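Look over the sequence and the model, then read the points below.

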Amino acid sequence: MTTAAPASMLNPVSLFLEADIVVQAIMIGLAIASLWSWAVIIDKAVRFSSLNSQADNFEKAVGSGRSLEEVAAQAGPDPAHPLPRMLVIALADWREARTRGPLTENQANLLMSRIDRALDSLIAREGQRVENGLGVLSVVATSSPFIGLFGTVWGIMNAFGAIALSGNTNLATVAPAISEALFATALGLAAAIPAYIAYNKFSIDAGKFTGRLESFADDLQSAVARRLGGSTAPSSPPVTPSTGDYSRREL
């Protein structure tokens, strides 16, 4: 006849309090790692949602038919979001070059090179910023199962020790130690699985956002190049702004 398991074997608090000091330390470490990873997960979810929402609104403003100067003025001189900041940088370099009068071909090439370097530098910094915290998720996802497994091995060793001391192989003798061991494994998996899923999701989101910045930088460079073509050849007819493709709009 089988008997019901003691309540302490099913209570996480009791399992922790009755565990060996080493297993307790492992459980505490895994709980801290899980909380840390969840803090990063929540922060990243909020940040990516905000970044993409602001990017959507900015791209709608750029494609609405308004001049890029007007959109940049609305964003302010030092916008926090990288997309309007890229526009402000490109316009500032364009205005600085324009004050010197018509540009030669060499000066136009130097301007394009300067804008390209500035935008690439901004994209690199923003790419690093959106990836901050992903290392934590990677470490938690890869190390937590092994840390929990170590707690499992230690608990099983304690179970064998209890058998040796009591000389009894009854399941009741080893059940507490085995329960503690398996609980450590469960904590390791509970910490690792959300961190692994979130790491992969946010890595994809970071790549998509960086690609979005690169695409906008290409559009800005195309717009500057088209305008430079008009400024270096004054007799050319003006470029007609298009409401559908802001890369073809005049600065």
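pLDDT is the predictor's confidence in each residue, on a scale from 0 to 100. This model is predicted. Its average pLDDT is 81, and 82% of the residues score at least 70. The structure also holds three aromatic pairs, and two of them are described below.

**Confidence**

- Helix α2 has the highest confidence, with a mean of 92.
- Helix α1 (residues 12-17) has the lowest, with a mean of 72.
- Over residues 233-251, pLDDT stays under 50.
- For residues 233-251 the model has 36 contacts beyond four places in sequence.
- Where pLDDT is low, the predicted coordinates should not be read in detail.

**An edge-to-face pair**

- Phe-58 and Phe-216 form an edge-to-face aromatic pair.
- Their centres are 5.5 Å apart, with 70 degrees between the planes.
- This pair links distant parts of the chain, 158 residues apart.
- Phe-58 lies in helix α2 (residues 21-62), and Phe-216 lies in helix α7 (residues 171-231).
- Phe-58 counts as buried because its relative accessibility is 8%, under the 20% cut-off.
- Phe-216 also counts as buried, at 2% relative accessibility.

**A tilted pair**

- The ring centres of Phe-150 and Trp-154 lie 6.1 Å apart.
- Their planes stand at 40 degrees, so the pair is tilted.
- Phe-150 and Trp-154 are four residues apart in helix α6 (residues 134-166), so about one helical turn separates them.
- Phe-150 counts as partly exposed, at 44% relative accessibility.
- Trp-154 counts as partly exposed, at 28%.

Methods. Residues numbered from 1 in each chain as written. Predicted model: local features only at pLDDT ≥ 70, side-chain atom pairs only at ≥ 80, totals over all residues. Heavy atoms only, no water. Phe/Tyr/Trp six-rings, centres within 6.5 Å; stacked < 30°, edge-to-face > 60°. Helix = DSSP H or I, 4+ residues; strand = E, 2+ residues; numbered from the N terminus. Buried < 20%, exposed > 50% of the residue type's maximum accessible area, 1.4 Å probe, protein only. Contact = heavy atoms within 4.5 Å.
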